[in-house]
Amino acid sequence: MRKIYVYKKFERFWHWSQAILIIFLALTGFEVHGSFEILGFEHAARYHRTASWMLIVLIIFAIFWHIVTGEWKQYVPTTKKLKEQIMFYAFGMFTGKNHPTKKTEVSKLNPLQRLVYLSFKLFLVPVTILSGIVYMFHKTIDHNNVVVVSKIPLEAVAFWHTLGAFLLVVFLIVHVYMTTTGHTPTSNIKAMITGYEDMEDEEDDNTSEKDETIGKLKKQKS
Ligand code: HEM
């Protein structure tokens, strides 16, 4: 076994703060929605708005970090080994098969994760945040006495925001389950806390690809 450094300091900070904020926003949001009562409507609505600004600031920093570090490249989608990865999650992992893709510092997401996280970042989060911002400023009066966002019906705004919220909760549940499908049930979570992940040597150094190359070289020689 050897350790590889997969998640950098800012990435871990951003990941856990985003997780806490989304859980808090889901709790306060569904209280505003009327699903249950813990804090009371007024408090829930106020905390929801404060946490939403914190999430917006965090996401602006995260976008900046992804651009300057080039980490955005990790999310470029690919179909290479996508089918194998889906088959692994559907059947292979229950029958003791090895992961079809290898995690490295420069490629830490498998093809399915790339697709799912990219959709999360490009569709799910923007729909929830944008509808939340429109919700916040719906029919408010600005300093020039102009009514802000008056054309979009509030029902439509609430629909998109609640849909985004439901999908985020579904994402969260599936995401937490998927984190337990690493080498050991806790290895992925530990990596997101410490930054380091234990990799089996054999799995980390592309043994099968090396074997193939050696085979080809031997054929060429003979
Ligand atoms: C930056 C992001 C967000 C903004 C700006 C935002 C804003 C808002 C606003 C203004 C409201 C109306 C209640 C109020 O006046 O305080 C609301 C309601 C709600 N929010 Fe958010 N929110 C955000 C993120 C989230 C997230 C991440 C979730 C859940 C995962 C969520 C779930 C909800 C729910 C369920 C409601 C009730 C909707 C309804 O019944 O009409 N929100 N949000």
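**Entry 1: ground rules**

Helices here are DSSP runs of H or I with at least four residues, strands are runs of E with at least two, and both are numbered from the N terminus. I am working with a predicted model, where local features need pLDDT of at least 70 and side-chain atom pairs count only at pLDDT 80 or more, while totals for chains, interfaces and linings use all residues. Residues are numbered from 1 along each chain as its sequence is written, and side-chain values use heavy atoms, with hydrogens and water left out.

**Entry 2: salt bridges**

How many salt bridges does the structure hold? I found five, taking a salt bridge as a side-chain nitrogen of Lys or Arg within 4 Å of a carboxyl oxygen of Asp or Glu.

I looked at K3 and D198, whose side chains form a salt bridge with N to O at 3.3 Å. K3 belongs to strand 1 (residues 2–5) and D198 to strand 4 (residues 196–199), so this pair links parts of the chain 195 residues apart. For exposure I use relative accessible area: buried is under 20%, exposed is over 50%, and partly exposed is in between (1.4 Å probe, protein chains only). K3 is exposed at 55%, and D198 is partly exposed at 36%.

**Entry 3: around E71**

Next I turned to E71, which is buried with a relative accessible area of 8%. E71 pairs with K8, the closest N and O atoms being 3.1 Å apart. K8 is partly exposed, at 31%.

E71 also meets K108 in a salt bridge, at 2.7 Å from N to O. K108 lies in the loop between helix 3 and helix 4 (111–137), 37 residues from E71. Is K108 buried or exposed? I noted it as buried, with a relative accessible area of 3%. A network of salt bridges links K8, E11, E71 and K108.

**Entry 4: the second largest pocket**

My pocket search ran on a 1 Å grid over the protein atoms alone; a pocket is an open set of points with protein on both sides within 12 Å along at least five of seven lines, and lining residues have an atom within 4 Å of a point. The second largest pocket has a volume of about 750 Å³, that is, the space filled by probe spheres set on the points, which are joined across faces, edges and corners.

Its lining has 30 residues, with G29, H48, G132, Y135 and H161 nearest the centre. Helix 1, helix 2, helix 4 and helix 5 (154–178) each supply at least two lining residues.

Methods: On a 1 Å grid over the protein atoms alone, a cavity is a set of points where a 1.4 Å probe fits but cannot get out, and a pocket is an open set with protein on both sides within 12 Å along at least five of seven lines; lining residues have an atom within 4 Å of a point.
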